[in-house]
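Subject: Structure for your review

Dear colleague,

Please find the structure below, followed by an account of what was found in it.

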Amino acid sequence: MKEATMALSVSVEALQLQADLLEDAAYRDDGLCVVGIFGKSNMQPGPLKDSLVNTLADKHIFSLLGGAEDGGSADSNIRAFYNQENRVLYLLLSSVSDSRQLLRACQSLSAATSHSDAHDFWKGLDRQHCLHLLYMFSVCHVLLLVHPNHTFDVTYDRLFRALDALRQKVLPLIRAAIKDCPVSKEWKLNCRPCPPRLLFVFQMNGTLKLPGSSSESGGNPDKPKKHSPRRRLQHALEDQIYRIFRKSRVLTNQSSNCLFTVPANQAFVYVIPTADEDPVGALLGQLRSNCMLGDQDSTPTVSGPRRYQQMRRSAQQPSSSGELSGMSLGGLLVDCSLKEFLWQHVELVLTKKGFDDSVGRNPQPSHFELPTYTKWVQVASRLHQVLISNSDDEMAELAAKVQSQVKVLEGFLDADTKFSENRCQKALPLAHSAYQSNLPHNYTTTVHKNQLAQGLRVYSQHARGVAFQRYALQLHEDCYKFWSNGHQLCEERSLTDQHCVHKFHLLPQPGEKPDMDRNPPILNHNSRGRSTSSCNCGRKQAPREDPFDIQAANYDFYQFIRGHADHPFIFDLIQFCHNSCTKVNRIFLLSRL
């Protein structure tokens, strides 16, 4: 295969389509070590994860300036590079934790997006990133966690606990997805080739320089130092990381039950030093590396098994980036290179020794399998369809069930929402008390709105976070239910502009009697206002209720007087008053003004 073809990265979806093109017949029966790389990056000129793969493979694989191959969006994506000479497949995970994707995500959010919608957008990206990480932990032998500074981010502890809980939930679904793949029973049972070993790669923010030799070597400059400052930092980080993961039960004695393992007798933390500020030393280092590459190129090429062994030995040599190897130079122990740090773990995979990371009195050996490229691609494509792409109709049902289990991540990852909900739940009773203070038993819509505004004012003083709007709507609903459940006053006004004193009720239909026991009750309007009225001539007077409509004012009252008339003259007077209803209507309308 041509070198130019091998120096191209492809997506995981394209691995299965290009399996015959990427795999050489001479290496088809050999095992394959899968190395996954994930983590965070800062606003540096070149992505740290991309440059690491270029350094490990000694090829310009991933563009450091970005391009179309990185997805072009804020979504998480996995790119792959297969170095078949060394039998290593690199998987590079890019997500919103990288500066490129983070910038694209910020650009996709408009200025009119609400706080809760923006929070849901970011949490959606986090859930997608977790599914990609679960995929990486299911198909890789070795994982590199890359961090842009030299301090451990404790949020990874919560992330790994969430991934472990999610993995336990979706294990039956993954088993059903890979049950027909040509792999061992242990792989089908545990849904991974082995418990992956997690390594940590940190980057220094400042240059670490070796201290003076007189203080630490006991005055003897020829006596080599046991540990350089960078190596002491690596040891301190190893102790800190191991203690944190053991306390949180992410790491246990039995490695087969863990999401990942760390070696007990090997280094699993590597600190990348910053570039030396000495330009002369940098030029000399480049000249030395070019001379070493020239000597390596002068060696005759071999084929067959000897060529494979030569490539394995060349992978352990220092890279062209100028990193020093773990040899003694000038009486000082020089730290190993990144390739040497990684290759000591890759060697255990390629030699089929596996990882023996269980500790305790009765450690149980964990399963291990070194798959061929073809077998690994079949399993990886199935898992990708179930966990990430959801493009296969046959796996659609399993993919839907996996998405339903993603709710397990909410309790671990969405700490902001949990805090906001707890805070808003404590503020709701205070808002309810403010709404119900100094309220009459029945009140109108105006009083309801004023008290609701007072309750919202108290709520806004105590509630915080993304759940603010959701619980504010709940406060609206609770106050409305309290008002409408027997506390709503009838809003009807009489012709003299007085409120009905009854609670919300219905008017009786013609021939229907009032009923107080119904809900809402059936009653006539009553403002408890009474007045003495007479006909136009003034000879007949009687008390009357405050009328609420024109018929009650101009007709019903005079019909009542007519029923109590004791001589014909009164009857004629009532008839006259009935005929002059327009004049009486004008009197009541003027009284309302």
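A residue is called buried when its relative accessible area is under 20%, exposed when that area is over 50%, and partly exposed in between, with a 1.4 Å probe and protein chains only. By that rule, both Tyr156 and Phe160 are buried.

Please note that this is a predicted model, in which local features need pLDDT of at least 70 and side-chain atom pairs count only at pLDDT 80 or more, while totals for chains, interfaces and linings use all residues. Residues are numbered from 1 along each chain as its sequence is written, and side-chain values use heavy atoms, with hydrogens and water left out. Helices (H or I, at least four residues) and strands (E, at least two) are DSSP runs, numbered from the N terminus.

Aromatic rings

Rings of Phe, Tyr and Trp (its six-membered ring) form a pair if their centres lie within 6.5 Å; planes under 30 degrees apart count as stacked, over 60 as edge-to-face and the rest as tilted. The count by this rule is 20 aromatic pairs. Tyr156 and Phe160 make a stacked pair, with 5.8 Å from centre to centre and 25° between the planes. These two residues are four apart in helix α7, which means that about one helical turn separates them. An α-helix has 3.6 residues a turn, so residues three or four places apart point the same way. Tyr156 and Phe160 also belong to a cluster linked by ring pairs, whose members include Phe38, Phe137, Phe200 and Phe245.

Salt bridges

A salt bridge is a side-chain nitrogen of Lys or Arg within 4 Å of a carboxyl oxygen of Asp or Glu. How many salt bridges does the structure hold? There are five salt bridges, and three of them may be described here.

In one of them, Lys40 is joined to Asp153, with 2.5 Å between the closest N and O atoms. Lys40 lies in the loop between β2 (33-39) and α4, and Asp153 in the loop between β5 (142-147) and α7, so this pair ties together parts that are 113 residues apart in sequence. Lys40 counts as partly exposed because its relative accessibility is 24%, whereas Asp153, at 16%, counts as buried.

Another salt bridge joins the side chains of Lys123 and Asp126, at 3.4 Å from N to O. The two are three residues apart in helix α6, and therefore about one helical turn separates them. Lys123 is buried at 14% relative accessibility, and Asp126 is partly exposed at 25%.

Arg161 and Asp157 form a further salt bridge, their closest N and O atoms being 3.4 Å apart. Both lie in helix α7, four residues apart, or about one turn of the helix. Arg161 is partly exposed, with 31% relative accessibility, and Asp157 is buried, with 10%.

The expected span of a helix is 1.5 Å times one less than its number of residues. Helix α10 (residues 229-247) has 19 residues and should therefore span 27 Å, which agrees with the 27 Å between its end C-alpha atoms. Among the buried residues of α10 are Pro229, Gln234, Leu237 and Phe245. Contact means heavy atoms within 4.5 Å, and the buried residues of α10 pack against α7 (155-177), β6 (197-203) and β7 (269-272). Just after α10, Arg249 takes a positive phi of about 65°.

In α5, the buried residues are Ser99, Arg100, Gln101 and Ala105. They pack against α4 (48-57), β3, β4 and α6 (115-139).

Loop residues

Arg87 is in the loop between β3 (77-83) and β4, and its phi is near 60°, a positive value in a residue other than glycine. Arg87 counts as buried because its relative accessibility is 0%. Cys191, in the loop between α8 (185-190) and β6, is not a glycine but has a positive phi of about 60°. At 2% relative accessibility, Cys191 is also buried.

Val96 lies in the loop between β4 (88-94) and α5 (99-108) and is buried at 12% relative accessibility. Val96 and Leu125 are 29 residues apart in sequence, with 7.0 Å between their C-alpha atoms.

Yours sincerely
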